[in-house]
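Here is a short report on the architecture of this protein.

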Amino acid sequence: MALKPFRAPAQMLFSRGLPGTGRHGRRAQKPIVFDLSRLLSRAYHLTPTGIDRVEYAYAVELLRRVPDRLRFAAVHPAGGYYGRLEIGAVRQFLAFTQARWQSRGEAQHEAVRAQAIRHLFALRPRAVPVPLGQRVYLQASPHHLEDAKLVRSILQTERARFVNLVHDVIPLTYPEFARPNGALLHARRIRTIDRFADGIVTNSQATLDALTPHLTQRAGRPARVAHLGCEWSDPVPALEGDFNERPYFLCIGTIEPRKNHLLLLNVWRRLAETMGDAAPRLILIGRRGWENENVIDLLDRSIALRGHVVEHRDVDDRQLTRLLGGARAVLLPSFAEGYGMPVAEALAAGVPVICSDISSLREAGGDLPDYLDPLDGLGWMRTILDYSQPDSMLRAAQCDRMRGWAPMAWSRHIDIVLDVVEAVADERR
C-alpha cells in the first residue's frame, strides 16, 4: 500500500490539452493504448492498493504528456469483455477516483457505490477502431495477464506491440509468502509477459534481476528500470488529540507474512511488559491479508498489546497524512518487496524510516533510512526505543540526511516508460 496518490490538478483531468511537448512530443505519433482494467475493477473500493495508485498516476501523467496519442481500453468488470473507453468518461472517472481516496471519512459506502455504478456504465467499452497502423499497448498492472488467450486477442484486435510494467516476482521467488495458488497464478502472468511483451519496465533493479531468469532471451526487447514516482509538496501536519500523548510509529501495508508484522508485535509485547503505559504506540495501517494466523491471534487475543497496538484497516489519504505528521518513524520490516513505495513516500514527507536491509528498499531509500536485518528483533527494539526519545540522536541524524533529498518524480518515471514505448514502436528495430 503506498502512502499517497499522485495529485492531479483539476485542469489536468478535464482540459483537453495540447499535443505532447518536450522530448517525446516530437517523436513518431504512434497511438498509445493504455489499459485501465485495474482501476475499473476497483471502482467500489474506498482504499486503494499500491498498484491502484500506480495505474492512476500513469493515466493522469499520460493525459498530460501525450493527450493527442492516448487512447484508453479495459477488460470491463461488468462483463469481462474488452473495448475502448470514451476519454471524457475516463477523465470523470479519474476525478471520482481521486475524490474517493481522499475523503473516506466523509463518504458513505452506498453513496460511493452508486456513483461507481454510474461511472462504470459511462465507461462501458466501445468497439475498437480498425487499425490504420501500428499501436503500442501499455499496461501498468498484472490485471488479466494470467489469461494468455485474452491478451493475445487484445493485441491482435489492436494490432499493437505490448509494453508492460512488472511490479514484482515475489510469488515465484518466495512462494511461501503468496496466497494459496498465488505462485501458480503469477507464473502464468510472467509467461504471458515473456511471450507477448515487446518492451518491459520494472519498478526496481531488484525486480528486474528476479524477473530475468524467467524470461526468454529476445534480441531487441528493451527492459528498463524506472523507480516509481512520488509526489509530496504539502507540509505534513501532525494529528491532534490522543495520538500526541505519547510517541507512536506507523507500519503501513497489508498484513501478510512477507511484511513481517510478527516481529513488530513481539517487540511491542516486550515494550509493553517492561514499560507499561510509557511504551510508545504502534499504529498498523492496512487490511488483514492471508496466511496470518499467528499475527491475527496476537491482534485479537493478546492482552499485553491492548492499548499499545492500534489497527486501522481503512484510512483515507487525509487522515494518513496527519498520522504521518506526528510519527517518530515509519517501520517496514519486510522480508521481500518489489520496490518499497512507503519508504520513498515517507521520506518525501520528511518522516524518518526504519526498514529491512534488502536491496529493493535500499533502492527506494538510498542512504537515508536506518536499515536492520528483518530477523534482528533486539536490534529493532533498541532502534525503536532510541527513536521514541525526544532527543534521539539516531532520528536527528536521519532527519539531517533527508535535507535536500528528492524522490523520483512521476514525470521522470514516465520519461523512461515513453522511451521504451518509442523503442518498441520503431518499426526499424
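Leu-331 stands opposite Ile-354, a residue of strand E12. The model is a predicted one. Strand E11 (residues 330–332) and strand E12 (residues 353–356) run parallel and are joined by three bridges.

**The six-stranded sheet.** E11 and E12 belong to an open sheet of six strands. Its order is E10-E9-E8-E11-E12-E13, and the pairing is parallel. Strand E10 (309–312) and strand E13 (370–372) are the edge strands, each pairing on one side only. On average, neighbouring strands here are turned by 20° against each other, direction ignored.

Helix H12 (residues 317–326) touches strand E8 (248–252), strand E9 (281–285) and E11. Helix H15 (residues 377–388) touches E8, E11, E12 and E13.

**The seven-stranded sheet.** Another open sheet has seven strands, in the order E3-E2-E1-E4-E5-E6-E7. Here the pairing is mixed. Strand E3 (82–85) and strand E7 (223–225) stand at the edges; each has a single partner strand, so one side of each is left without a neighbour in the sheet. Neighbouring strands of this sheet are turned by 25° against each other on average, direction ignored.

How do E6 and E7 run, and how many bridges join them? Strand E6 (residues 199–202) runs parallel to E7, and three bridges join the two. Within this pair, Thr-202 has Val-225 of E7 as its bridge partner.

Helix H6 (residues 148–158) lies across strand E1 (32–35), strand E2 (70–75), E3, strand E4 (135–139) and strand E5 (160–166).

| Helix | Reference strand | Angle |
|---|---|---|
| H6 (residues 148–158) | E4 | about 145° |
| H12 (residues 317–326) | E8 | about 135° |
| H15 (residues 377–388) | E12 | about 175° |

**The second largest pocket.** This pocket holds about 210 Å³ of space. Its lining has 15 residues. Nearest the centre lie Ile-170, Tyr-174, Ala-206, Ala-336 and Glu-337.

Which helices supply at least two residues each to this lining? They are helix H7 (170–173), helix H9 (205–211) and helix H14 (359–365). H9 gives the most, with three residues.

By class, the lining has eight nonpolar, five polar and two charged residues. Both domains take part: domain 1 (32–229 + 409–426) and domain 2 (248–402) each give at least three residues to the lining of the second largest pocket.

Notes:
Residues are numbered from 1 along each chain as its sequence is written. This is a predicted model: local features need pLDDT of at least 70, side-chain atom pairs count only at pLDDT 80 or more; totals for chains, interfaces and linings use all residues. Side-chain values use heavy atoms; hydrogens and water are left out. On a 1 Å grid over the protein atoms alone, a cavity is a set of points where a 1.4 Å probe fits but cannot get out, and a pocket is an open set with protein on both sides within 12 Å along at least five of seven lines; lining residues have an atom within 4 Å of a point. Grid points are joined across faces, edges and corners, and a volume is the space filled by probe spheres set on the points. Helices (H or I, at least four residues) and strands (E, at least two) are DSSP runs, numbered from the N terminus. Ala, Val, Leu, Ile, Met, Phe, Trp, Tyr, Cys and Pro count as nonpolar, Asp, Glu, Lys and Arg as charged, and the others, Gly among them, as polar. Domain bounds come from an automatic or database domain assignment. Two strands pair if DSSP finds at least two bridges between them. Axes are lines fitted to C-alpha atoms, for helices over the stretch in contact, and angles run from 0 to 180 degrees between N-to-C directions. Contact means heavy atoms within 4.5 Å.
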